Amino acid sequence: MAKAMLSLLVHLHAALLFVPEPAGAGAVYSVVRYGARGDGASDSTRPFLRAWADACRSPRPATVYVPPGRYLLGRATFVGPCSSRAVAFSIAGTVVAPAGYAWDGATAGQWITFESVVGLTVSGGTLDGRGDALWACKKQQPRGHCPTGASSLTISNARDVVVEGVRSVSSELFHVVVLQSRGVTVRRVTVEAPADSPNTDGIHIHKSTNVAVYDAAIRTGDDCVSVGPGNSNLWIERVACGPGHGISIGSLGKQQGMAVEAVQNVTVKTTWFTGTTNGLRIKTWGNSKRGFVRGVTFSDSTMAGVGNPIIIDQHYCPDGGCSGAARGSSSGIKISEVEYADVRGSSATPVAVSFDCSRSNPCSGIRLRDVRLTYQGKSGRLQAAGAVSSCRNAQGTASGLVVPPSCL
């Protein structure tokens with residue numbers, strides 16, 4: 001597993017060293033020509049927006065080019081639709097957020113957003129969200145006393161988009177967000193944030209369809225990949241995760257006022273988890289909010305010292321924020337037709353497989369096939385007691401070699 005992860009990281013590092021060459025890319029709009037300065041201190045927000053406006057108006061393929069250097073960029077929304085359906089945003093340098101937590105307000109914000117664009121490619125470079133100050137505030141102050149923060153890169157209401165070879169470091173909030181979009185591919189992306197950085201999901205997908213994630217190396221303080229409500233037809237493959245909270249579907253069912261929350265047709269394939277708190281997770285809040293998760297396949301996953309390698313948690317309530325009654329209530333989210341195939345490695349806790357499902361909507365159609373998990377504990381040494389599985393309100397089958405023995 002270590003060799004496979006190292007190979008992936010080397011591959012990603014080589015990709016990030018590649019400097020996009022704008023020659024032959026149609027019309028090229030360098031932000032430097034519009035007054036941007038790569039000194040890390042001069043505000044380049046207006047030059048970036050002006051370069052985008054001209055590129056977006058171009059009737060032929062166009063590229064906004066960010067040369068090597070460090071460019072200070074405030075909150076920026078690059079709005080379409082554009083005249084051409086072949087628009088590129090090519091980064092050869094580093095784009096830096098303002099120092100300190102500049103995004104005031106209790107609601108989450110966005111730093112860099114591409115809105116209503118069709119046929120966009122965002123490639124190369126580094127996005128530095130400079131989230132350290134906000135993380136420190138959240139660690140020191142009571143909940144609600146600090147701004148929520150901003151996600152670094154958001155693709156919103158867009159179609160046929162590729163995000164490729166981007167490196168995101170120290171985002172205040174989520175690193176990459178795909179929101180209400182269709183036909184988005186995220187590939188060869190790296191994410192870097194400390195293990196204790198709060199709410200720094202690597203890639204978050206929300207209310208979108210036909211989204212693919214390939215060849216990602218994610219080290220962060222929250223979910224490496226999180227799948228929110230309203231998603232369908234997702235493909236996630238070759239993701240190295242750790243530190244982090246694993247790859248998660250959910251959480252679902254928190255907001256009572258929203259429509260039915262649904263996630264369906266999700267494939268997660270060839271993943272590596274190292275020292276994460278969770279591996280393959282589905283999480284829902286324990287309330288009456290209606291919805292469903294169905295048609296999910298987790299396959300070819302390797303665990304190394306993972307807290308909860310396989311887990312369905314339908315009583316999700318982080319940070320002790322639920323009363324005893326709320327924590328014991330029954331989730332209205334129905335989970336069905338979920339398969340775990342060829343999952344192997346080690347668990348840091350005795351319960352390597354946990355299905356804690358809804359009393360009123362039991363999990364059904366859960367399938368375990370060739371699952372081999374040992375209990376090594378935090379010391380990394382194999383424990384004589386071995387790993388166990390735990391089931392509550394879960395129905396399904398097991399086939400092939402399944403260790404620990406299935407409780408289904």
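This is a predicted model: local features need pLDDT of at least 70, side-chain atom pairs count only at pLDDT 80 or more; totals for chains, interfaces and linings use all residues.
**Entry 1: T45.** I began with the location of T45 and found it in helix α2, which spans residues 45-57.

**Entry 2: surroundings of T45.** I next looked up the polar partner of the T45 side chain. That side chain makes a polar contact with the side chain of D43, at 2.6 Å. Which residues does T45 touch once its neighbours within four places in sequence are left aside? I noted L72, L73, G74 and R75 as its contacts.

**Entry 3: helix α2 against the sheet.** I followed α2 to the strands and recorded that this helix lies across β5 and β8, the latter covering residues 109-115. The helix runs at about 5 degrees to β5.

**Entry 4: the sheet as a whole.** I traced the strand order of the open sheet as β5-β8-β11-β14-β17-β19-β21-β23-β25-β27-β29, eleven strands with parallel pairing. I identified the edge strands as β5 (76-79) and β29 (388-392), each of which pairs on one side only. From one strand to the next, the twist averages 15 degrees.

Entry 5: I examined β19 (residues 225-227) beside β21 (residues 247-252). How many bridges join β19 and β21? I recorded three bridges, with the two strands pairing in the parallel sense. Within this part of the sheet, I found S226 opposite S248 of β21.

Note on methods:
Residues are numbered from 1 along each chain as its sequence is written. Side-chain values use heavy atoms; hydrogens and water are left out. Helices (H or I, at least four residues) and strands (E, at least two) are DSSP runs, numbered from the N terminus. A polar contact is a pair of N or O atoms within 3.5 Å; within protein, one must be able to donate a hydrogen and the other to accept it, and residues adjacent in sequence count only if both atoms are side-chain atoms. Contact means heavy atoms within 4.5 Å. Two strands pair if DSSP finds at least two bridges between them. Axes are lines fitted to C-alpha atoms, for helices over the stretch in contact, and angles run from 0 to 180 degrees between N-to-C directions.
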